[in-house]
Amino acid sequence: MVLDNAKRHQLYNDFQTYFVNQAYWIMLFNRPNIIAFKGTIGNFKPNVTQSGTEWNAFQWWVDPRDRRKH
């Protein structure tokens, strides 16, 4: 038994790190998705959720000269 709070905190952190590293992670949902977009569209950010690729459409901009601003 350890009474020093700093030492207990470190022991708990070490245990949690060990526990997480030993766990197996199985994804319950995987949506394979291939996204292609034209280089003239700026601020396009793919999204892995079910919101789809238009989730930030209000932030997109178009440069017809294809300068590929990012």
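Read along the sequence, this protein follows the pattern α-β-β, with one helix and two strands in total. Helices (H or I, at least four residues) and strands (E, at least two) are DSSP runs, numbered from the N terminus. The model is predicted, so local features need pLDDT of at least 70 and side-chain atom pairs count only at pLDDT 80 or more, while totals for chains, interfaces and linings use all residues. Residues are numbered from 1 along each chain as its sequence is written, and side-chain values use heavy atoms, with hydrogens and water left out.

**Overall form**

- Along its principal axes, the C-alpha trace spans about 70 × 30 × 20 Å.
- Of the 70 residues, 11% count as buried. Buried means under 20% relative accessible area, exposed means over 50%, and partly exposed lies in between (1.4 Å probe, protein chains only).
- Among contacts between residues at least 6 apart in sequence, 13% join residues at least 24 apart. A contact means heavy atoms within 4.5 Å.

**Surface and charge**

- The accessible surface comes to about 6800 Å², and 59% of this belongs to carbon and sulfur atoms. Accessible areas come from the Shrake-Rupley method with a 1.4 Å probe; for residues, only the protein chains shown count as cover.

**Aromatic pairs**

- The structure holds two aromatic pairs. Rings of Phe, Tyr and Trp (its six-membered ring) pair if their centres lie within 6.5 Å; planes under 30 degrees apart count as stacked, over 60 as edge-to-face and the rest as tilted.
- Phenylalanine 15 and phenylalanine 19 form a stacked pair, 6.0 Å centre to centre with 25 degrees between the planes. Both lie in helix H1 (residues 5-22), four residues apart, which is about one turn of the helix. Phenylalanine 19 is exposed, with a relative accessible area of 55%.
- Phenylalanine 44 and tryptophan 60 form a tilted pair, 5.4 Å centre to centre with 50 degrees between the planes. This pair links distant parts of the chain, as its members are 16 residues apart, each in the loop between S1 and S2. Tryptophan 60 is partly exposed, at 28% relative accessible area.

**The loop between the strands**

- Phenylalanine 44 lies in the loop between strand S1 (41-42) and strand S2 (61-62). Phenylalanine 44 has a relative accessible area of 13%, so it counts as buried.
- Leaving out residues up to four places away in sequence, phenylalanine 44 touches Ile35, Phe37, Thr53 and Trp60.
- Asparagine 43 is in the loop between S1 and S2, and its phi is near 65 degrees, a positive value in a residue other than glycine. Asparagine 43 is partly exposed, with a relative accessible area of 26%.
- Glutamate 54 is also found in the loop between S1 and S2. Glutamate 54 is exposed, with a relative accessible area of 52%. The C-alpha atoms of glutamate 54 and phenylalanine 44 are 8.6 Å apart, and the two residues are ten apart along the chain.
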